[in-house]
Amino acid sequence: MIVRPQQHWLRLIFVWHGSVLPKIYTRLFLNFLLSIAVILMLPWYSSLGIKFTVAPFSILGVAIAIFLGFKNNACYSRYVEARLLWGQLMIAARSLFREVKNTLPDDPHLGEFVRLQIAFAHCLRMTLRRQPQAEQLAGYMSADNLRRVMDSSSPANRILLLMGEWLAVRRREGQLSDILFHSLNNRLNDMSVVLSGCERIATTPVPFAYTLILHRTVYLFCIMLPFALVVDLHYMTPFVSALISYTFISLDTLAEELEDPFGTEDNDLPLDAICNAMERDLLQMNDEEAIPERLLPDKHYQLT
Amino acid sequence: MIVRPQQHWLRLIFVWHGSVLPKIYTRLFLNFLLSIAVILMLPWYSSLGIKFTVAPFSILGVAIAIFLGFKNNACYSRYVEARLLWGQLMIAARSLFREVKNTLPDDPHLGEFVRLQIAFAHCLRMTLRRQPQAEQLAGYMSADNLRRVMDSSSPANRILLLMGEWLAVRRREGQLSDILFHSLNNRLNDMSVVLSGCERIATTPVPFAYTLILHRTVYLFCIMLPFALVVDLHYMTPFVSALISYTFISLDTLAEELEDPFGTEDNDLPLDAICNAMERDLLQMNDEEAIPERLLPDKHYQLT
Amino acid sequence: MIVRPQQHWLRLIFVWHGSVLPKIYTRLFLNFLLSIAVILMLPWYSSLGIKFTVAPFSILGVAIAIFLGFKNNACYSRYVEARLLWGQLMIAARSLFREVKNTLPDDPHLGEFVRLQIAFAHCLRMTLRRQPQAEQLAGYMSADNLRRVMDSSSPANRILLLMGEWLAVRRREGQLSDILFHSLNNRLNDMSVVLSGCERIATTPVPFAYTLILHRTVYLFCIMLPFALVVDLHYMTPFVSALISYTFISLDTLAEELEDPFGTEDNDLPLDAICNAMERDLLQMNDEEAIPERLLPDKHYQLT
Amino acid sequence: MIVRPQQHWLRLIFVWHGSVLPKIYTRLFLNFLLSIAVILMLPWYSSLGIKFTVAPFSILGVAIAIFLGFKNNACYSRYVEARLLWGQLMIAARSLFREVKNTLPDDPHLGEFVRLQIAFAHCLRMTLRRQPQAEQLAGYMSADNLRRVMDSSSPANRILLLMGEWLAVRRREGQLSDILFHSLNNRLNDMSVVLSGCERIATTPVPFAYTLILHRTVYLFCIMLPFALVVDLHYMTPFVSALISYTFISLDTLAEELEDPFGTEDNDLPLDAICNAMERDLLQMNDEEAIPERLLPDKHYQLT
Amino acid sequence: MIVRPQQHWLRLIFVWHGSVLPKIYTRLFLNFLLSIAVILMLPWYSSLGIKFTVAPFSILGVAIAIFLGFKNNACYSRYVEARLLWGQLMIAARSLFREVKNTLPDDPHLGEFVRLQIAFAHCLRMTLRRQPQAEQLAGYMSADNLRRVMDSSSPANRILLLMGEWLAVRRREGQLSDILFHSLNNRLNDMSVVLSGCERIATTPVPFAYTLILHRTVYLFCIMLPFALVVDLHYMTPFVSALISYTFISLDTLAEELEDPFGTEDNDLPLDAICNAMERDLLQMNDEEAIPERLLPDKHYQLT
């Protein structure tokens, strides 16, 4: 995610990094070249009786804009929901540990429990980004537990089971009444909601046909556009055509980028930073000494 | 559902399978032929004083685009809600079994309970897709239970009742306190929410008049379009007309496909894969050996 | 509600029953006649210096389309919410009875309780549709209870009170612990949510001014439309004008129909069928013999 | 709120009361006069080289329509949410009293409690409408309690505190177990949700700049409109200009009316009627004799 | 936040303070100057064969309006959600203290607890606005607690932990049963939801690329606009161009202002006033004497 300080409106127009321009400038350039070719070929193909006007493209342009608006809405909702789920994880983690600490203030294994919570966040992040997990998780749990987690088809879910066992042991030993056990279990269920929610977003894209239909109509529209504009604008065609193409193609591309919010592209969620914040918070709540450093954006304002 | 790896923008324009093109190409071809006929007949019918311009179709085109946007929104919401409900089933199933296992770790009948949960998912899936159920469900429950389930007008609801009985027996035997019984019952209620939610989506379509009004205006619009375009575009009419028709007809068709998300068309939900994932997860949580294989997309990237 | 099997796109264009056409065809026909009159009068009124062009109507048409989209959204949301509430009633009813049956499996008065639940659904349905209730409700409760219900200003709410009493008696007799009584009471609260939600939708329409403003602008727009179109389209005016009018008037009319989803028009909710399904389900859960027949759509695919 | 029986579409066009026309007819009349002036001045100012065309106003008109649609959405959401909150109050009040009555059926002070509930609704209503409260509230509570309520900066919140005390006394006396006290307290929390929700809507308007920007652009647009239309429409300018202005100004004005849904304008919520219904319901649930009459709309279909 | 009394529509057109005009008038003025330059240069650059028409800008204008509508929606949702979260804080704070006071009416340390609640609100406000906190918080807690709070990376979360400890002490001393402790803990969890929600909004902006794409297209559109308008409007170009630019630029700027609703700009949330109201309410609920004055808007109707 790009976290940019607020800037003067004039400078924003010239920003390169963080817009989707790096991804689409070749396409815009091709459109620009096509426009020039169209200007040059205009006398030739008009002599063949081939002509275009802007009016039909106006209908098409408005229709595509409406459908692009719909698709951006759908993809942005996924991004917002994904962020919401990670926010709920933060809520559940803090509430769970606060309740555990206030209920069992003298338990010698609180550090073990807090590390399981942190491991859950890292495990979920690495699962969503399809990264190898064993090495990092080893720092947060016993070798025996690690083996059980890595053997599972859903490691994060297995960590939840381990946390439940930790609590169940205390219930059987009489340290937790059924009511408090029930209450703490509900926090685990909240974490389960986050887990399944993230899996849902990651495995169920926006119906592929939307992507396809919009893609196709946007590009065919941008290809035909210079032919329609050239009669009205002549030498100005390449500039106006590139501007209109930029508006449509960039929003189409951005929607696609937001569709999978767990990636590591410019506009994806900073899961590393969220996990880092959670780890710092939970360790501090347990009054530990060794707290990891806070993650900060790099020089391109990029936070992973 | 089509699960396609990300691809170059240029290749996407030529994808056939997974777009709605296979469903609508005859209609587009008819539109193309009509446009050619219109070009040929233009001199004749203009001589009769019949003329068309693009302007009135511009009003109509924008209006239809706005209403199509509304309908796509409504249908896509149904798709999203259906997926959400199956995600909640995953959450409820995992949470329920985690609580049961942590509370009754030594119960010899855990396998029976976990199979009832799996049976619920399969039963719901097969009910929604109107498939015969008895054979598959036989693998997950006793013959006596199976008979009670198949005799019911709502088999999935009967399975919930069986799960509730399983828990109620343990409560009466004193293994579950009222609080924990209440907590586990809430998970069953969560599953009941999913069941009724899916039934609601399956039995209550978007009001039929929306489908009808849009269908009719989209097709009449596409039929009249070549007459309006031919004056401005002449030889180019078939191409532009087919492109505009593709935009409108494909979105109308896709909305209809998403309206019933439980089907087995290209853009429907992969219920088989979701049930398979749930089955794998629950069996692993019970530390069983025989876990079914993971379902993968076929060569057309289709996941059922 | 119309429950139509999926049909070929070509046949859908000619469907009469279930579209809003039966309601609006006189208005469209008037519009058609007006267009013919406009064609005939054109020479006369242009000679008076009165002229129209399409451009101003383009602004107005797009604006009205946007506002119609907004209103359809608002009315369709009411329809969806109403359906959701009845779905929640299904959920609450099943969960409540499942919990009651699992907790008090040997209670001899379960049949009495399940009939109160069914009576609640029928009572709510008949209240919303302003139908007489005493006769039907008599089949589900004692004469004494029926008198108390019919004397109340909110009969459905009184039935909830009776269900609460049924449970409270068992609590006082020691058959239900406070926790389970609390849990079952929450299900009654869920039913109270449905009751008040339906009352809210039925008594609070979309602000009347929206209906009025859109009605007025849609009709004035459709009346002026032929004057604007005739210059461009001449003989084709009646057809294009009727098509545009159909798009706008039908969506305005449909929005109004959906605004009160509890009626018995073509696109209203099938409350009879929902109550029937609930009754069948609950009686089967109580393992009763005499189950009413399932309600099916009539030959016009109409389900009440 | 206007509660109008359904009427013939033709009659609706001529309704005066309940539309926003009474508020804006002077503005429309000014617009009409301006249009006539523009027709008269046209030869003069065209001779100065000042000219207008419709095309630029088309861009502006569509943009304003889109933003007006957005603002109507935002304001209507506030209206819907406000109604929802009062519906939740109804739900909480009924559920609370049902639980209290079923749990403490023989308590001699039930009448006192039910009157506190009714007082809460009236107090909230009068707070939102900034009406004096002491007199009306005096009928529902002891003089001592009334003094404490009126001394508070948030009287409705103080009534909640009194209800909580009523319950807490019974808990300390052993009539309510902790579980049932907890359950009843949750209903009070539901009422607290309604209270704070209504305060939020009443104190936080839609950002003022939206109101301002739309107001300004709508009026400047309507002022410039006749200049643009006159070239195309000449004598018809006043009628078309007034129709377009009506569409834009009425929706802008209505949005503003809905922004504060607790007022007493035509399209505001009927809080008097809602409180009346709640009072009748609760008193009947307590089987009291003296029930106030039901509030009905006046002859202009207006319900306050 | 601007809290302006309702005013005559005519006066609203001339309001300066509170609109976004103070921020953007230089840009509008530059646009105005550019338009004049374009009028003067028109003969020169048309002679070079450079020409513009409005039609292509119509496509672009509508597309930008649609995307601006989308962005305003997204940013306004953040504003609404932020206000909702602070409303939930009010609800949780009142409910929590009501429950505490009704359950432990004679506890001598209620004042300590209520001050922790107030401190939480102030701490959250100052964290979101990045203001120094130690001085103000010192008034609400002991020096020892203050040190623990200020040492934490998330001070507000630490205050929640302190409140949990306050309750846990009473539970261990037997004054609170597990059920009531669980109930009060849920109120703390509600406050945790608010905390994490506000952090989420503050740290996760709308994807930067949206801001960038819209910014860029809006400004390039406004720069090219005079060239397109001048052919049709000539001398009127500066006025119409400035009006269209005002519509687009002001909504773009306002969206950006609402994106971070916790700031202190004209249209941001009045966190000072909300905290003040909460402090007054809670102290009055504890029947204290010294209640701070109510915060009122300044002479520009500005409430911070």
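**Exercise 1.** In this predicted model, determine which residue forms a salt bridge with Lys23(D), and state which parts of chain D the pair ties together.

*Solution.* Step 1: The partner of Lys23(D) is Glu257(D), and the closest N and O atoms are 2.9 Å apart.
Step 1: Lys23(D) is partly exposed, at 34% relative accessibility. Glu257(D), with a relative accessible area of 4%, is buried.

**Exercise 2.** Are Arg170(E) and Asp107(E) buried or exposed, and which parts of chain E does their salt bridge tie together?

*Solution.* Step 1: Arg170(E) and Asp107(E) form a salt bridge, with 2.8 Å between the closest N and O atoms.
Step 1: Helix α7 of chain E holds Arg170(E), while Asp107(E) lies in the loop between α3 and α4 (110-128); the pair therefore ties together parts that are 63 residues apart in sequence.
Step 2: Both residues, Arg170(E) and Asp107(E), are buried.

**Exercise 3.** Explain how Arg147(A) and Asp151(A) are placed along their helix, and describe the exposure of each.

*Solution.* Step 1: The side chains of Arg147(A) and Asp151(A) meet in a salt bridge of 3.8 Å, N to O.
Step 1: Both residues lie in helix α6 (residues 143-151) of chain A; because they are four residues apart, about one helical turn separates them.
Step 2: Arg147(A) has a relative accessible area of 45% and is partly exposed. Asp151(A), at 54%, is exposed.
Step 3: In chain A, Lys23(A), Glu257(A) and Glu265(A) are linked in a salt-bridge network.

**Exercise 4.** Describe the interface of chain E and chain A by its area, its polar links and the helices that chain E supplies.

*Solution.* Step 1: The contact involves 64 residues of chain E and 70 residues of chain A. Together the two chains bury about 6,100 Å², with 67% of it on carbon and sulfur atoms. Within chain E, Ile59(E), Phe208(E) and Arg216(E) supply 12% of the area buried against chain A, more than any other three residues.
Step 1: Two salt bridges cross this interface. In a salt bridge between the chains, Asp287(A) meets Arg158(E) at 3.2 Å, N to O. There are also 21 residue pairs in polar contact.
Step 2: On the side of chain E that touches chain A, at least two residues each come from α2 (21-47), α3 (54-103), α7 (155-172), α8 (178-203) and α9 (208-233). The helix α8(E) gives the most, with 15 residues.
Step 3: By class, this side of chain E has 34 nonpolar, 17 polar and 13 charged residues.

**Exercise 5.** What rotation superposes chain D on chain E, and how are the two copies related?

*Solution.* Step 1: Chain D is superposed on chain E by a rotation of 72° with 0.0 Å of shift along the axis, at an RMSD of 0.0 Å.
Step 1: The two copies are therefore related as by a five-fold rotation axis.
Step 2: The copies use different surfaces, since 8% of the contact residues of chain D recur in chain E.

Technical notes
Residues are numbered from 1 along each chain as its sequence is written. Chains are lettered from A and ligands numbered from 1 in the order in which they are written. This is a predicted model: local features need pLDDT of at least 70, side-chain atom pairs count only at pLDDT 80 or more; totals for chains, interfaces and linings use all residues. Side-chain values use heavy atoms; hydrogens and water are left out. Contact means heavy atoms within 4.5 Å. Buried area is the accessible area (1.4 Å probe) that two parts lose on being put together, summed over both. A salt bridge is a side-chain nitrogen of Lys or Arg within 4 Å of a carboxyl oxygen of Asp or Glu. A polar contact is a pair of N or O atoms within 3.5 Å; within protein, one must be able to donate a hydrogen and the other to accept it, and residues adjacent in sequence count only if both atoms are side-chain atoms. Ala, Val, Leu, Ile, Met, Phe, Trp, Tyr, Cys and Pro count as nonpolar, Asp, Glu, Lys and Arg as charged, and the others, Gly among them, as polar. Copies are superposed by least squares on the C-alpha atoms of residues with pLDDT of at least 70 in both. Buried means under 20% relative accessible area, exposed over 50%, partly exposed in between (1.4 Å probe, protein chains only).
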